[in-house]
Amino acid sequence: MDTLRLLLAILTATTVLGPICYALIVYREDLSTLFMPRIELTLNVPRIEYVGYEYGYEGELLKVTIALNITNPYNKVLTIRNVTGSVYCHKHGEFLGSLSLLEETVLQPNKPTTLKLIFVLLSDCERCRDATSLYVDLKNLSINVQGITFYIGYENIGPIALGRS
Amino acid sequence: MRGIRMINPLGLIGGILAISIFLSSTFYGEFWWEMRIGEDIGHIKVSALNYEIELLGSFMEIKILWFIILVFRMLLIESAIALIICSIAPGKNFSDKLLNFAYLKPLLILLTFIVFLLILLLLLPLIAFRVSLPILGSSIIPIRLDSARIDALITSRFTNSFWIMIATTLTYLSAHIYHNKIIRHK
């Protein structure tokens, strides 16, 4: 019965070494293909472009909705759950108000989608009072996409006329 | 007990469990451990018998893993067949050798998987990104990407299949003890 023991030992050795040796022989020309992870994915921060704005008064307060075009660069539907941030005057750096997401936005793969952000103008930029339009910076922007939070900033968004023209 | 053919019930159970783990992993995509990134942003699902790594709709392929997985699949199925044969006929001369061939294999598969998991979660991320990923539970992992900072919610857990694999390993070891202590002395 030592033959059986020998056969079982050969079986174990063949089982363990066979596939590994086969892999090494097949990929001997380029072993990196065998060991390196392969994924067709480039991690990019989604591209964002300013589209326009809307505004309206809520009592005394001026409410501004900024529309941004956001392009989902991935092959997966993504949902923006929440956005928070601060709005500053681009020219003078004055704080203008806090930003939030108007509604949850679903981003289709590789397509641009309009993202609407809303802020209430809490304070005015003194030095922009006479200007016909305003450019803003979105700072400390926190974008929550399905449990992943991006902290980012976007500058020089505008022009926003704010009804002064 | 005369008239009743002696069998090793633990060996039979262990063999059947091993075959069920093999089938569920190979054909039904059952994994032993999984890590979810955000809410369905991506996932890593692994076992010694298969794996799936997906991020933002793209799947990662590591060719050498398929060959290693093939080794584990064959070892598990060979051990299951050997254990079932020696459990049905424990009194035969070949049963000792078949049992010795089979009983440690699930333990080796399990230990290799745990070592691989520790390397995957603790060592590699620590070297590459200076972060360690949770083996169990949730944590928020900070990542730098271009000009952005990203906080990723990571949730990890062992699945029921992992605990079944542990039960299978223990059953194999118990079958070995049962064979040596009880069947041999009858």
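The model is predicted, so local features need pLDDT of at least 70 and side-chain atom pairs count only at pLDDT 80 or more, while totals for chains, interfaces and linings use all residues. Residues are numbered from 1 along each chain as its sequence is written, chains are lettered from A and ligands numbered from 1 in the order in which they are written, and side-chain values use heavy atoms, with hydrogens and water left out.

**Where the chains meet**

- In chain A, 39 residues are in contact with 38 residues of chain B, contact meaning heavy atoms within 4.5 Å.
- About 3500 Å² is buried between chain A and chain B, with carbon and sulfur atoms giving 68% of that area. Buried area here is the accessible area (1.4 Å probe) that two parts lose on being put together, summed over both.

**Salt bridges between the chains**

- Nine salt bridges are found over all chains, and four salt bridges are counted between chain A and chain B. The term requires a side-chain nitrogen of Lys or Arg within 4 Å of a carboxyl oxygen of Asp or Glu.
- B:E61 and A:R38 form a salt bridge at 3.8 Å, N to O. B:E61 sits in the loop between strand 4 (58-60) and helix 2 (63-88) of chain B, and A:R38 in the loop between helix 2 (31-35) and strand 1 (47-58) of chain A, so this pair joins two chains. Helices (H or I, at least four residues) and strands (E, at least two) are DSSP runs, numbered from the N terminus.
- B:E61 is partly exposed at 29% relative accessible area, and A:R38 is partly exposed at 46%. Buried means under 20%, exposed over 50%, and partly exposed in between (1.4 Å probe, protein chains only).
- A:R38, B:E61 and B:K63 are linked in a salt-bridge network.
- A:R81 pairs with B:E39, their closest N and O atoms being 2.8 Å apart. A:R81 is partly exposed at 32%, as is B:E39 at 36%.

**Within chain B**

- B:R149 and B:D151 meet in a salt bridge of 3.4 Å, N to O. B:R149 is partly exposed at 34%, whereas B:D151 is buried at 15%.
- B:V115, B:I119, B:L123, B:L124 and B:I127 make a nonpolar surface patch of about 480 Å². Patches are made of residues with over 30% relative accessible area and no salt bridge, with like charges joined within 9 Å and nonpolar side chains (Val, Leu, Ile, Met, Phe, Trp, Tyr) within 5 Å. Accessible areas come from the Shrake-Rupley method with a 1.4 Å probe; for residues, only the protein chains shown count as cover.
- B:V115 lies in helix 4 (residues 105-129) of chain B.

**Domains of chain A**

- Chain A is divided into domain 1 (2-35) and domain 2 (47-160), with bounds from an automatic or database domain assignment. The C-alpha centres of these domains lie 58 Å apart.
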